Each structure stands twice: as structure tokens, then as C-alpha cells.
Amino acid sequence: MSDAAVPILMYHAVATAPNDATRGLSVAPEAFAGQMALVADLGLTPLTTAELAARWRSGRPLPDRPVLITFDDGYEGVHRYALPVLAQHGFPATLFVSTGWIRGARDTGGGLDTMLDWPQVRELAAAGVEIGGHSHTHPQLDQLDDTALAAELTDSTKIIAAELGGGGPVSFAYPYGYSDRRVRRAVRAAGYDQALAVGNALARRRQGPYALRRVTVRRSTGAEEFERLLQGRAIARTFARDRALTQGYALVRRARQVRRKAIRSRV
């Protein structure tokens with residue numbers, strides 16, 4: 001059981017009428033309610049990201065049939081629609097916020113739809129939702145230089161700590177799922193104990209605490225597909241197109257990095 005596979009569900013917006021920018025990665029409130037009911041019916045045990053990583057780090061056994069429920073970015077529907085459903089079932093979850101997208105004094109205006117405000121984030125935290133980091137302005141971190149990368153991480157960490165109190169977040173999710181060795185080192189140096197990618201595969205301890213994989217839940221995810229995700233069945237086939245696109249994007253990003261290094265070396 002030391003390398004048991006764990007489904008980490010990646011949600012974004014929960015909305016009745018999402019805009020074009022978020023529609024594909026949103027889920028309808030009634031669909032989310034049905035999905036959480038299925039998690040309960042199947043006898044799965046939701047954990048926060050921090051709890052899963054801590055158990056793997058210490059060697060403590062996992063509970064029976066663990067699952068993680070995670071949300072990226074910080075859309076208002078997580079508070080309006082998802083929180084009541086999570087509370088109904090007593091499920092913990094993890095919300096990764098891009099601090100510059102949260103409504104308030106530090107809002108950069110980059111949010112793709114209606115975003116949470118900080119009082120709502122605090123209510124989510126008080127209800128047992130772990131609040132994690134997701135950078136400040138949601139860039140592709142592997143495309144930033146070292147100075148900009150450090151600023152994205154430290155600004156996000158400091159803002160969350162200031163708004164919520166305590167020592168700051170311990171879990172991170174890479175914007176767009178992109179990371180490389182340099183980014184992972186920077187995330188660790190910023191004080192994060194674990195980080196989530198995408199990968200559209202089940203998470204395993206051997207992936208390491210800074211590259212845990214998740215599976216995407218979107219508006220087109222039907223009930224049968226969702227059950228397959230929970231059970232770890234046919235995941236490679238379900239996300240075959242996503243993986244092909246990811247490999248293509250990785251080649252483009254590496255080419256950009258090589259060009260930037262060549263330019264810097266000539267300056």
C-alpha cells in the first residue's frame with residue numbers, strides 16, 4: 001500500500017452560466033453535487049493535499065480508498081455552490097488560489113470569470129478547505145526568469161499568510177500544470193512542502209512530493225467517466241488527446257527557453 005494510486009480530482013469553476021473562457025473546465029452545480037454523492041456512495045475517503053503528502057512522507061498508512069478534491073484559481077462558485085455540498089458530506093478539499101485574481105486590494109484584474117473575495121476564502125478555510133498557493137498572476141512559471149519566478153511564489157505566499165493568518169500555505173499547484181526542475185526547486189525554496197501538477201494520471205508516492213499528478217474534471221465529464229476516474233480505469237484512453245497536446249506544448253516551451261538563454265548569453 002506504500003505506493004497505492006490515489007485519484008486527485010482537479011476542478012476549476014463550478015457555475016451555472018460560465019463564460020467562454022472557463023466553460024470547458026467548469027462543471028454545473030448539479031453535476032458537482034452528483035459527483036460528490038458518488039464519492040460518498042462508493043465509500044471513498046477525501047483528504048486534503050497536505051494530509052496525503054504528510055502520510056506519504058511519514059509512512060503512515062492511507063485511509064481506505066482515498067481521494068483528493070481540489071480546485072484551481074479561485075472562482076466564486078467554489079464558495080456559492082461547492083462549499084454547501086462539501087459541508088453536506090463532511091468532505092475536506094483543497095483550493096489553490098492565484099492571489100492576484102482574488103477580489104480585493106491586490107486584484108490584478110486577470111481573473112477569467114467572477115472570482116472569490118478574501119472573506120469568502122476565509123470562510124472556505126474555516127469550513128475545512130485547505131488553502132494552497134497557485135502563484136500571484138497565474139503565469140507559465142517555467143517561462144519566467146529566476147527573479148520573476150521567485151516574486152510570483154513569495155508574493156502569493158505572503159498574501160495568503162496575511163489574509164488567513166498562520167504560517168502560510170504548504171501546498172502548491174502549478175498554473176497550467178507546467179513545471180520543470182528549476183520551478184520545483186523554487187517552489188520548495190518558497191516554503192511549500194508539496195505541489196500538484198496535472199498529468200491526467202493517478203497520484204503515486206514515487207512521483208515525489210513536488211510532481212503529484214491529477215485528473216481533470218470538466219463540463220463534458222459524464223457520470224460514467226467520473227466513476228472511471230475514481231476507480232482509476234481507462235484513464236490513459238480518456239486523456240489521450242490531452243497528453244498529445246501537453247507533449248507538443250512542452251516542446252514549444254523548451255524551444256522558447258533555449259532562445260531566451262541564447263539571447264541572455266549574447267547580452
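Tutor: Helices are DSSP runs (H or I, at least four residues) and strands are E runs of at least two, numbered from the N terminus. This is a predicted model, in which local features need pLDDT of at least 70, side-chain atom pairs count only at pLDDT 80 or more, and totals for chains, interfaces and linings use all residues. Residues are numbered from 1 along each chain as its sequence is written, and side-chain values use heavy atoms, with hydrogens and water left out.

Student: Which residues of α6 are buried?

Tutor: An α-helix has 3.6 residues a turn, so residues three or four places apart point the same way. In α6 (residues 181–189), the buried residues are V183, A186 and V187. They lie on the same side of α6 because they cover an arc of only 100° around the axis, taken from the directions from the helix axis to the C-beta atoms.

Student: What do the buried residues of α6 pack against?

Tutor: They pack against α5 (146–164), β8 (171–173) and β9 (194–199); contact means heavy atoms within 4.5 Å.

Student: Which residue caps the N-terminal end of α6, and which residue follows the helix?

Tutor: The cap is D180, with a side-chain oxygen 3.2 Å from the backbone nitrogen of R182. After α6 comes G191, whose phi is positive, near 105°.

Student: Which residues touch the most other members of the largest nonpolar core?

Tutor: A nonpolar core is a set of buried Ala, Val, Leu, Ile, Met, Phe, Trp, Tyr and Cys residues joined through side-chain atoms within 4.5 Å. The largest has 38 residues, and L9, Y11, F32, M36, I69, F71 and F226 touch the most other members. Helix α3 (residues 77–89) gives the most to this core, with five residues. Apart from it lies another core of 13 residues, including Y174, Y192, A195 and A197.

Student: Is W56 buried or exposed?

Tutor: W56, in helix α2 (residues 49–58), is buried, with a relative accessible area of 7%. Although W56 and R206 are 150 residues apart in sequence, they are 9.6 Å apart in space, C-alpha to C-alpha.

How values were computed
Buried < 20%, exposed > 50% of the residue type's maximum accessible area, 1.4 Å probe, protein only. Polar contact = N/O pair within 3.5 Å; in protein donor to acceptor, adjacent residues only side chain to side chain.
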